[in-house]
Amino acid sequence: MAAKTCFVIDSRDNVGTILQPELEKGAGVECEVDGRVTVIVLKEEVPYGHKIAVKPIAKGEKVLKYGLAIGLATKDIMPGEHVHVHNIESTRGRGDLAKGR
Amino acid sequence: MDKFWGYLNPDGSVGARNYLLILSSTLYANGAVERVARSVFGTIPIIHPLGRAQTKSDIRFTFNTLVGTAKNPNVGGVVVLDHFREEGCTAEEIVEKVAKTGKPVEMVNLRNCGGTLEATNAAIRAAMAIARKISLRRREEVPLAKLLFGLNCGTSDTTSGLSSNPALGHCSDMIVAAGGRSILAELTELMGAEEWLASKAINKDVADKIWKVIGDFEQRILQTGEDIRGTNPTGDNIAGGLSTIEEKSLGAAKKSGSATIQGVVDWAENPPDKPGVYLMATPGHGAESITGIAAGGAQVLVFSTGGGHTISHPIMPTIKVTGNPFSAKFMADTLDLDLSDILEGRLSLEEAGRLILREVIETASGKPTKSELLFEHNTGFAIHRIGMST
């Protein structure tokens, strides 16, 4: 396995993990999406180990990593955008949500 | 790589160490325990803030933890120090359980001895006698099947789920294939990974138990009425790129590899003899989790970290590994194994698993971890509690 700049673990995933430090806005990263290697342009600076969208993700849609849901998108996310706590949220262990029910 | 050198115990278990434990049964014996441990070469103190005025269920947690820690195969002998007589966690009750293993165990009560200094003298003399006796023990070569292996992770980041955790899973698979057992724990950090774990259960009963034990733990979290985000994933997890507890969980669960999950055990419970992976009910709190695993009898634990860590259990060697190339450099003093070649494309997960297994065998056979060499015994012992103080 060669070193990957953007690691997409499962073909179902709509996010990939950036594995190169100090990548800036406008940088093109190679990643494998639906079995094809494509270049995605970063829409912002993304720190080492953080995720980007590799497919469009609509607000309310599941964010998929390891082929499984890691949370829901809280806004529309375009490929190349940083995916993190500002645009996805957890659905588990949320005592604050349970309280409101 | 299917054997290690360990100390054969009278109860048939095999120790990776031959520690003499100075154990505090209630927090008010902590001072004397530390004084005794400072005075006798090679002893390990166990102190804690509990053992008194707890709810009955929490007293049982404390008791089972102290008994399990003293019974751990790595402990060659024990001196228990006590202050009060707290029903459910007295030195007498601890000693009665530990003595059944056949290892030497002595008890000193501060009140019966004429105070803390007289008790110190009595405990030092008891410790010296046990130390001389257990120093005669020698390591023997034993099959890897004798290993109960602990799995844990902490200060996780996105490299954990991509490299060090799946590599650790391969190591666990090899230990199980050799007839050994592994313990997976940290229920908070399995929320979202239930389906994958349940698919590896030996039968439907165990699959149901996996769902239930994680579900019950989530209910306790929900009952707080608080948003878990920011405390788990923790601030350092989020800085490391993990966005949600589900993402952390799916990466964390990879530690358990592909072997069959044989059962679900309680906090500090010794799993049955059958080879395989066992899920222990502990929280995600690193020190509490590894304390439960050690009290369940694990001789060695591998702690997989993304951002780097200092954690080390007092009597269970805690091997720390990372797949993050930056942490491998700036936390090199306490990390035992650098697996960053995985993400650099130079090392397969299977090869990394074999490197971890070699480290496990060497450590179980007597090689000290970096944290053991640095006397960082106080970074990995904490007893879980549910209720209030009474």
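Colleague: Which two helix axes come within 8 Å and cross at roughly 15 degrees?

Modeller: Those of α6(B) and α10(B). Axes here are lines fitted to C-alpha atoms, for helices over the stretch in contact, and angles run from 0 to 180 degrees between N-to-C directions. This is a predicted model, where local features need pLDDT of at least 70 and side-chain atom pairs count only at pLDDT 80 or more, while totals for chains, interfaces and linings use all residues. Residues are numbered from 1 along each chain as its sequence is written, with chains lettered from A and ligands numbered from 1 in the order in which they are written.

Colleague: How do I read a helix pair like that?

Modeller: Two packed helices are described by the angle between their axes and the distance between the axes. Here, α6(B) and α10(B) are therefore roughly parallel to each other (an angle under 35 degrees).

Colleague: Which residues of α6(B) and α10(B) meet?

Modeller: B:Ser160, B:Gly161 and B:Asn165 from α6(B) meet B:Leu250, B:Gly251 and B:Ala252 from α10(B); contact means C-beta atoms, placed from the backbone, within 7 Å.

Colleague: Is α10(B) mostly covered or uncovered?

Modeller: Mostly covered: nine of its nine residues are buried, meaning 20 or more other C-beta atoms lie within 10 Å of a residue's own, with C-beta atoms placed from the backbone. They pack against elements of both chains, including β6 (62-65) and β7 (68-73) of chain A and α6 of chain B.

Colleague: And the chain contact: how many residues does each chain give?

Modeller: Chain B gives 28 residues and chain A 29 residues. On the chain B side, α10(B) supplies the largest share, four residues.

Definitions and conventions. Contact = placed C-beta atoms within 7 Å. Buried ≥ 20, exposed ≤ 12 C-beta atoms within 10 Å, placed from the backbone. Parallel < 35°, antiparallel > 145°, perpendicular 65-115°, else oblique.
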